[in-house]
Amino acid sequence: MPNEKSEKAKKVHAEDIASPKGMRDLMDKEYHEYQGFFEKASEIAIYYGFRPIETPILEREAVFTSSLGIGTDIRDKEMYSLKTKGSDHLVMRPEGTAAIMRAYIEHGMQALPQPVMLYYYGPFFRHENPQRGRLRELHQFGLEILGTPKSIADALVIRSLTLILEEAGFKNLSVELNSIGDKECRGGYIKELTSYYKKHIEKLCLHCKERIKTNPLRLLDCKDIRCQEMKKNAPTPIESLCNDCRHHFKEVIEYLEAMGTPYRINNYLVRGLDYYTRTVFEIIDTSEIVEGGLEPLALASGGRFDYLSKALGSKKDIAGIGGAIGVDRVIMSPSHKPLDPRIIKKPKIYFIQLGFEAKLKSLTVIEILRKARVPIAQSISKDGLGQQLAIAERTGVPFTIIFGQKEALENTVIVRNMETRSQETVKISALPDFVKHLKDELR
RNA sequence: GUGGCUAUGGUGUAACGGUUAACACUGGAGCUUGUGGAGCUCUCGAUCAGGGUUCGAUUCCCUGUAGCCACCCCA
């Protein structure tokens with residue numbers, strides 16, 4: 001309490017309470033776009049057998065520090081971390097998979113019929129500089145299939161994510177696909193890759209000279225022209241796959257082909273997180289390539305993570321595959337077709353009230369309409385008839401109900417067909433039936 | 001973390017280094033309007049923050065902050 005006085009004395013300016021960098025308020029139309037997307041995505045996920053899970057936004061630091069891999073930016077530079085009063089080290093989740101695996105282990109889900117299929121969505125946090133398609137508070141919708149190494153699981157995750165994006169309006173999707181091997185073959189490949197690059201080290205860009213030591217796989221997605229040239233003859237991960245991995249990869253491709261999912265093998269695709277094994281993928285909107293000239297951003301990405309569980313303290317390996325959609329990128333994209341959330345009903349009737357008498361009774365009439373399940377629009381503060389009709393016109397509703405002084409006294413309303421401009425007077429007591437009739441006509 | 005560009009009411013814009021910081025929309029108050037995007041009157045509201053240069057800064061310079069974009073990295 002000793003600080004109370006001095007805090008009071010300090011004047012608060014608007015900029016002192018502005019929303020934090022890279023984090024924003026969602027409201028109105030935009031809010032509904034997120035809501036609509038999450039609903040549709042959940043619906044599809046549930047249909048394919050995924051079940052919901054919501055993990056805490058805060059996790060113990062170790063959930064992510066031990067899983068994401070030393071040297072990855074997300075782990076080393078981008079986590080919001082805090083120390084609680086009990087001196088626990090907690091972090092705001094930067095991604096979903098590690099927490100899902102933590103929950104799987106914690107709740108003994110290996111006792112459930114395998115695989116366990118889960119979907120989740122919500123905010124994630126990364127402390128990086130905002131730019132196109134990148135926020136500090138971001139929203140993801142993710143799918144995970146835990147407890148099976150089978151290739152069909154990979155295909156199902158990829159297919160479900162693609163379907164969700166298609167439902168959200170994306171017509172030109174491409175699944176960029178690669179396999180980065182497992183512990184049998186990845187080590188050998190990395191050796192081969194680094195020795196290839198070391199031979200040409202003097203021709204590489206500055207970053208890549210570093211990368212050879214720190215993160216050799218990243219050599220493959222350097223954008224520098226000099227390194228692009230080098231890439232052409234570089235050994236690809238797929239060439240070095242062991243038999244099991246090769247077989248797995250081939251099956252995934254066969255499934256995708258059988259499902260008619262457009263894919264492209266991208267030898268240079270690598271992912272940022274260490275826990276990935278075998279399958280890695282990104283889903284991009286190819287129509288963006290033509291339009292902008294800008295690099296297309298990945299709308300979704302993911303991969304297999306067969307060794308993640310041991311990093312989280314499990315005694316045995318738990319195979320898993322998952323992926324997540326960057327919902328902010330979806331909503332921002334010009335290809336996105338907004339989906340209405342269920343709670344939003346397109347109004348069928350615009351309710352117009354005139355005069356005090358009518359206003360007094362209007363809420364009762366509106367309640368009758370709500371019980372009859374007729375979505376309406378209205379404006380409680382506008383008074384003019386012409387004005388309200390004009391708004392109704394603009395809203396594009398097929399009918400208006402006009403409720404004025406005279407009608408209020410007679411317990412009637414005027415129902416006006418906006419298209420034909422014909423109208424008829426209806427007793428309020430008969431309104432539910434009348435309106436039901438209209439509804440049938442409308443559909 | 002690094003770099004480029006930007007910053008004026010709620011929104012969109014205007015102002016040669018000198019004005020009472022202008023205009024439109026929006027918001028609010030009021031009047032008028034019983035049948036298709038109305039009209040009239042009044043009104044609230046801004047130079048991102050802090051420093052400098054100058055007689056004088058919205059305007060020029062520096063720092064900070066935020067936004068957009070790019071790098072890094074990533075959804």
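Reader: In which sense do strand 1 and strand 5 pair?

Author: In this predicted model, strand 5 covers residues 116–125 and is joined to strand 1 over two bridges. Within this pair, Pro52 stands opposite Tyr119 of strand 5. The sense of the pairing is parallel.

Reader: Why is one side of strand 1 and of strand 8 left without a neighbour in the sheet?

Author: The open sheet has eight strands with mixed pairing, in the order 1-5-6-11-10-9-7-8. Strand 1 (51–52) and strand 8 (263–265) each have a single partner strand, so one side of each lacks a neighbour; the two stand at the edges.

Reader: What angle does the direction of helix 6 make with that of strand 11?

Author: Helix 6 (residues 151–167) packs on the sheet and touches several strands, among them strand 6, strand 7 and strand 9. Strand 10 and strand 11 are also touched by helix 6. The angle between the directions of helix 6 and strand 11 is about 15°.

Reader: Which strand does helix 10 run at about 30° to?

Author: Helix 10 comprises residues 243–259 and lies across strand 7, strand 8 and strand 9. The angle of about 30° refers to strand 9.

Reader: Is Gly169 buried or partly exposed?

Author: Gly169 is placed in the loop between helix 6 and strand 7. Beyond its neighbours within four places in sequence, Gly169 is in contact with Ser335, His336 and Lys337. A buried residue needs 20 or more other C-beta atoms within 10 Å. Gly169 has 16 such neighbours and therefore counts as partly exposed.

Reader: What is the handedness of the β-α-β crossover from strand 12 to strand 13?

Author: Strand 12 and strand 13 (residues 376–378) are parallel and share three bridges, with Ile349 opposite Ile376. The chain passes between these strands through helix 14, residues 355–371, and the crossover is right-handed.

Reader: Which helix supplies the largest share of the surface near RNA strand B?

Author: There are 52 residues around RNA strand B, and those that come nearest are Gly272, Gly326, Ala390, Arg394 and Gly404. By class, the surface divides into 16 nonpolar, 15 polar and 21 charged residues. Elements supplying at least two residues include helix 13 (327–332), helix 15 (385–395) and helix 16 (405–410). The largest share, seven residues, belongs to helix 15.

Reader: What is the omega of the cis peptide bond that joins Gln114 and Pro115?

Author: Most peptide bonds are trans. Pro115 lies in the loop between helix 5 (97–106) and strand 5. The bond from Gln114 to Pro115 is cis, with omega about -5°.

Note on methods. Residues numbered from 1 in each chain as written. Chains lettered and ligands numbered in written order. Predicted model: local features only at pLDDT ≥ 70, side-chain atom pairs only at ≥ 80, totals over all residues. Near = placed C-beta within 6 Å. Helix = DSSP H or I, 4+ residues; strand = E, 2+ residues; numbered from the N terminus. Nonpolar A, V, L, I, M, F, W, Y, C, P; charged D, E, K, R; others polar. Pairing = 2+ DSSP bridges. Right-handed = clockwise from strand over helix to strand, strands pointing away. Contact = placed C-beta atoms within 7 Å. Axes fitted to C-alpha atoms, helices over the stretch in contact; angles between N-to-C directions. Buried ≥ 20, exposed ≤ 12 C-beta atoms within 10 Å, placed from the backbone.
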